[in-house]
Amino acid sequence: MSDEAKAAELTALQAALAAEHAAVYGYGIVGGRLDERRRTEARAAYDAHRARRDALVREVRDRGGEPVAASAAYALPFPVPDAASAVRLAAQLEERLAGVYSDLVRAATGERRGTAAGALREAAVRAVRWSGESVAFPGLAERAGDEAGAAGPRTSASPTT
């Protein structure tokens, strides 16, 4: 693997780690606004994201990087005063994670690519469970006609028509 490819993979790992930090924070907000049944689902997602975050910290260190730290707080994309908005936030967290993991799938090789694809699949499934809707290509904003995408602007990929 070239130095450029290694750097791209580390950058994608760091982006996934940052997104997992944000998801852990977000699920703390989500869980506090749901009824008991949905709170159990949020707790399972929270635990899964904590585990994935911890694995990414190890991956970044193994690649010689300094893991990006979590922020003390995160700006929410909209107010979350009730259960309905909490469900919407959970779906959005998962959709954004799918976008970040899509980027990691592109940058990674070997076993790491398979792990990233698994994380992408898990985020997509959770997004569907929260939102009740699915997309044909989760995490691939250019397939949905959205240039900015769930993971932010894409400078290296152009939308397909």
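## A ring under a charge, and the helices around it

The charged end of Arg-88 is placed over the ring of Phe-78, at 3.7 Å from the centre of that ring. This contact, like everything described below, is read from a predicted model, and the values are accordingly computed from predicted coordinates.

**Overall architecture**

The chain contains 5 helices and 0 strands, and its elements, taken in sequence order, follow the pattern α-α-α-α-α. Of the 161 residues in the chain, buried residues account for 39%.

**Helix pairs**

Two packed helices are described by the angle between their axes together with the distance between those axes. Two such pairs are set out here, the one formed by α1 and α2 and the one formed by α3 and α4.

| Helix pair | Axes come within | Crossing angle | Handedness |
|---|---|---|---|
| α1 and α2 | 9 Å | roughly 155° | left-handed |
| α3 and α4 | 8 Å | roughly 160° | left-handed |

Helix α1 spans residues 3-31 and helix α2 spans residues 36-62. Their crossing angle of roughly 155° lies in the range over 145 degrees that counts as roughly antiparallel, and α1 and α2 are therefore roughly antiparallel to each other. The residues of the contact of α1 with α2 divide into 14 nonpolar, 5 polar and 6 charged. For α3 and α4, whose axes cross at roughly 160°, the same cut-off of 145 degrees applies, and these two helices are therefore likewise roughly antiparallel to each other.

Two residues of helix α2 can be related to Leu-17 through their C-alpha positions.

**Aromatic pairs**

How many aromatic pairs does the structure hold? There are 2 of them. In one, Tyr-25 and Tyr-74 form a tilted arrangement, with 5.3 Å from centre to centre and 55° between the planes. Because Tyr-25 lies in helix α1 and Tyr-74 in the loop between α2 and α3 (83-107), this pair ties together parts that are 49 residues apart in sequence. Tyr-25 is partly exposed, with a relative accessible area of 27%, and Tyr-74 counts as partly exposed at 23% relative accessibility.

In the other pair, the ring centres of Tyr-27 and Trp-130 are 6.3 Å apart and the planes stand at 45°, so that this pair, too, is tilted. Tyr-27 lies in helix α1 and Trp-130 in helix α4 (residues 110-131), so the pair ties together parts that are 103 residues apart in sequence. Both Tyr-27 and Trp-130 are buried, whereas Tyr-25 and Tyr-74 are partly exposed.

Helix α1 thus takes part in the crossing with α2, contributes Tyr-25 to the pair with Tyr-74, and contributes Tyr-27 to the pair with Trp-130 of helix α4.

Methods. Residues numbered from 1 in each chain as written. Predicted model: local features only at pLDDT ≥ 70, side-chain atom pairs only at ≥ 80, totals over all residues. Heavy atoms only, no water. Axes fitted to C-alpha atoms, helices over the stretch in contact; angles between N-to-C directions. Helix = DSSP H or I, 4+ residues; strand = E, 2+ residues; numbered from the N terminus. Parallel < 35°, antiparallel > 145°, perpendicular 65-115°, else oblique. Left-handed = near helix turned anticlockwise from the far one by under 90°. Nonpolar A, V, L, I, M, F, W, Y, C, P; charged D, E, K, R; others polar. Phe/Tyr/Trp six-rings, centres within 6.5 Å; stacked < 30°, edge-to-face > 60°. Buried < 20%, exposed > 50% of the residue type's maximum accessible area, 1.4 Å probe, protein only. Lys NZ or Arg CZ within 6 Å of the ring centre and 35° of its normal.
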